[in-house]
Amino acid sequence: MGYLFISPWLFGLIFLTAGPLLFSLAASFTNYNITSTFDFVGLKNYTRMFMEDQLFWTSLWNTLYFVLFSVPLTTAGAVLLAVLLNQPVPGMRIFRTVYYLPAVLSGVAVYFLWMQLLAPSSGLVNIGLGWLGIEGPAWLFDPDWTKPALILMKLWGTGGGMLLYLAIMQNVSPHLYEAAELDGAGPVRKFFHITLPLITPVILFDLVTSTIGAFQIFQEAYVMSENGDGSPANSLLFYNLHMWRNAFEYFNMGYASGMAWVLFLIISVLTFLHMKFSKRWVHYGGTDK
């Protein structure tokens with residue numbers, strides 16, 4: 001009876017997850033082109049990936065750049081926002097709702113909104129910078145500013161992470177803060193010695209999921225670059241976009257499958273390192289550490 005009850009999940013695992021995974025692994029060693037060709041070519045796809053395809057390294061660098069800057073900044077921004085929204089101020093529910101709203105808006109609509117905001121001459125961002133006497137960059141039209149523009153857009157939507165941190169902060173016992181105040185601790189010391197250690201499990205969760213999500217960036221580059229090709233100068237050619245173009249524009253599905261497995265290995269290694277080193281800084285309540 002147990003297997004009968006979990007049969008829908010087993011069906012999904014075998015036919016919708018494990019089956020396609022194994023098929024893509026097998027396809028990565030072939031010249032599969034979606035329609036008819038499926039000939040074994042050994043490690044040719046991987047050799048081409050690392051030795052011949054310069055756009056592979058470009059896309060990997062663009063993705064790493066985005067991950068290295070967006071993940072720490074969005075995590076720190078969400079923590080700071082949660083601290084500010086955890087204060088006993090009248091009307092705080094309204095502020096929490098306002099800051100969370102960007103997290104529930106549709107992705108494509110948000111991208112079009114930011115394309116208007118980041119327009120070099122008529123965008124509100126550059127107009128605001130002009131009021132401060134700063135000449136705004138071309139943003140999405142300048143290869144040096146395209147990725148910072150996407151990171152700025154990512155910071156705007158930190159409300160989802162903020163909600164997680166706000167929930168755990170409200171579960172911190174007020175007696176701990178009272179004891180710290182009796183010892184003469186100020187707001188800064190209370191944050192670093194009480195709040196921050198107690199929210200480290202959520203920080204770990206946020207870092208892992210944000211890293212995985214950042215490596216899978218695709219929609220932003222596809223919508224916000226001209227013709228969805230990662231322009232200008234391939235500055236928005238992220239890994240997933242390059243993989244998608246190989247699969248569905250050039251029909252090199254075997255090569256794209258190999259790229260997918262390389263991405264899987266990169267994310268797996270980074271997730272393992274996150275979990276491995278988390279023992280040194282994550283504090284779990286009720287434990288000796």
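View 1. K154 comes out as partly exposed, at 36% relative accessibility, where partly exposed sits between buried (under 20% relative accessible area) and exposed (over 50%), using a 1.4 Å probe and protein chains only. E220 is buried, with a relative accessible area of 10%. K154 and E220 pair up in a salt bridge, with their closest N and O atoms 3.8 Å apart; that counts because a salt bridge is a side-chain nitrogen of Lys or Arg within 4 Å of a carboxyl oxygen of Asp or Glu. This pair ties together distant parts of the chain, 66 residues apart: K154 belongs to helix α8 (residues 146-156) and E220 to helix α13 (residues 219-224). Helices here are DSSP runs of H or I with at least four residues, numbered from the N terminus.

A word on the model: it is predicted, so local features need pLDDT of at least 70 and side-chain atom pairs count only at pLDDT 80 or more, while totals for chains, interfaces and linings use all residues. Residues are numbered from 1 along each chain as its sequence is written, and side-chain values use heavy atoms, leaving out hydrogens and water.

**View 2. E181 meets K190.** Here the two side chains form a salt bridge, at 2.8 Å from N to O. E181 is partly exposed at 46% relative accessibility, whereas K190 is buried, at 15%.

**View 3. R245 and E249 side by side in a salt bridge.** The closest N and O atoms of R245 and E249 are 3.1 Å apart. R245 is buried, with 16% relative accessible area, but E249 is partly exposed at 33%. Searching the whole structure turns up three salt bridges.

Notes:
Helices (H or I, at least four residues) and strands (E, at least two) are DSSP runs, numbered from the N terminus.
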